[in-house]
Amino acid sequence: MSDSKHTVKQDQDVIKQHNKQLVLDVIRTRRPISRSEISKITEMSATSVGRIVGELAEEGLVRETSLTSTGVGRKAVMLDIEPGGRYTIGIDIQKKRIVIGLMDFSEQLITAKELKHTSLESSSEETIVLMAGTVLGLLEERKIPASKVAGIGIGTPGVIDYEGGVVQFSSTLGWREVPLAGKIEESTGIRTVIDNDLKVKILGEYLFGAAKGSDKTVLINVGTGIGSSLIINGDIFRGGSNSAGELGHMTINPHGNLCECGKRGCLQTYIDESALLTEARKVRGIGEIGELFAAVRANEPWAVEIIDRAALHIAVTINNIVCLYNPDTVILSGDLVEEFGEILEWLDRHCSVVVWEPFRDSFQVIASQLHGRSIVLGAGALALHQVTHN
Ligand SMILES: [Zn+2]
């Protein structure tokens, strides 16, 4: 008897908590908004909405603005979230650097710290201690108690079990089966979620950058590594093991170049940085990729040929993806587009020949807009969403 009463009480608490989260989400995503609009959207009574808004205001998460609703009828006070009510941390771990950003509740990046750190040269424990310490230092510096932080989100290259919080395999970091989320939670006391960097990156571009407003988006990353991610109808497409989009090892020529994976003709052997360097060094002893771009800009035929061939292969890849998924936006990100933005014009030229005619005007190819901050912002958004809804 007392057991069933207990269960009913628990159920009521869960419903209450759910309703509160729902109201908070509506305010956060549609702000500024009036109480009556919230009531319409959530299909909750005006009394319930009024009570919940009161609770959220008391907790410092929501505030009344000086704005009132427009249109006929009684003027209603508009509500907004309190930017300092909650915070999230977004972390971007790459080969030679870690960026840690702090976002407020309005999802504005308040500050970001960039650490020069090569994970391959340290143990995973050292890297985790460094990150956790930096997060706690950042919060202390800004006088933000950990209780105000909704969560930490981390994006990193590799095969990531995002539900279990484990980096299963990352050749970029040299990690295998590292329970990253749990370790960061242990050291900071803050809920932590992790995901593959390109999945987080496309989320950042979708919410804040180049793909805002497009819910059928592909992101192709070209640089030291090759990969992609996909948003279909507003959701990240993951595939069976969260590895959908591993373009680098897509076979484009079974008789082609030998790849580090042991197969022939993988896409990355045609367009990644080391492929371009290998080609360039057959002609000139260049040190780094910037020298190739300089030679292209100086119109040296051998350099122009290398980039033109890479652009052709990227255009072919775009055609293949467009034929499969029919996206409205293709975002190009990574070192190639960041250091050699002219590549977009070359792609335009090749796409006009290579892309199947019915698709030719159905999508736009654009560069990533968030310049190295998309993973941090996306990771923060991931944390806010995952942690508050689970
Ligand atoms: Zn391969």
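**Cavities, pocket and zinc site**

Modeller: The largest cavity has a lining made of Val222, Gly223, Thr224, Ile271, Asp272, Glu273, Leu276, Ile289, Phe293, Asp335, Leu336 and Glu339. On a 1 Å grid over the protein atoms alone, a cavity is a set of points where a 1.4 Å probe fits but cannot get out, and lining residues have an atom within 4 Å of a point. This is a predicted model, where local features need pLDDT of at least 70, side-chain atom pairs count only at pLDDT 80 or more, and totals for chains, interfaces and linings use all residues. Residues are numbered from 1 along each chain as its sequence is written, and side-chain values use heavy atoms, with hydrogens and water left out.

Colleague: Which elements give two or more residues to that lining?

Modeller: H8, helix H9 (289-297) and helix H11 (335-339). H11 gives the most, with 3 residues. Helices (H or I, at least four residues) and strands (E, at least two) are DSSP runs, numbered from the N terminus.

Colleague: What volume does the largest cavity have?

Modeller: About 60 Å³. Grid points are joined across faces, edges and corners, and a volume is the space filled by probe spheres set on the points. The structure holds 3 cavities of 30 Å³ or more.

Colleague: Glu273 is in that lining. Is Glu273 buried or partly exposed?

Modeller: Glu273 is partly exposed, because its relative accessibility is 21%. Buried means under 20% relative accessible area, exposed over 50%, partly exposed in between (1.4 Å probe, protein chains only). Glu273 sits in helix H8 (residues 273-281).

Colleague: What is Glu273 in contact with, beyond its neighbours within four places in sequence?

Modeller: Gly223, Thr224, Ile289 and Asp335. Contact means heavy atoms within 4.5 Å. Glu273 and Ile226 are 47 residues apart in sequence, and their C-alpha atoms are 9.2 Å apart.

Colleague: Switching to the open side. What volume does the largest pocket have?

Modeller: About 1300 Å³. Of its 44 lining residues, Pro157, Thr172, Thr224, Gly225 and Ile226 are the closest to its centre. A pocket is an open set of points with protein on both sides within 12 Å along at least five of seven lines.

Colleague: Which element gives the most to the pocket lining?

Modeller: H6, with 4 residues. Elements supplying at least two residues each include strand E9 (166-170), strand E13 (226-232) and helix H13 (374-389).

Colleague: Now the metal. Which residues coordinate the zinc ion?

Modeller: His249 (ND1), Cys259 (SG), Cys261 (SG) and Cys266 (SG), at 2.1 to 2.4 Å. Donors are N, O and S atoms within 2.8 Å of the metal (3.2 Å for Na, K and Ca); water is not among the atoms, so sites may look incomplete. The spacing in sequence is H-x9-C-x1-C-x4-C.

Colleague: Why is the arrangement tetrahedral?

Modeller: Because the 4 donor atoms subtend angles of 104 to 118° around the zinc ion. Four donors count as tetrahedral if all angles lie between 85 and 135 degrees.

Colleague: Cys259 and Cys261: buried or partly exposed?

Modeller: Cys259 is buried, at 6% relative accessibility. Cys261 is partly exposed, at 39%.

Colleague: Last one. Where does His350 lie?

Modeller: In helix H12 (residues 343-354). His350 counts as buried because its relative accessibility is 12%. Its side chain makes a polar contact with the side chain of Asp308 (2.9 Å). A polar contact is a pair of N or O atoms within 3.5 Å; within protein, one must be able to donate a hydrogen and the other to accept it, and residues adjacent in sequence count only if both atoms are side-chain atoms.

Note on methods. Tetrahedral: all angles 85-135°; square planar, octahedral: opposite > 155°, others 65-115°.
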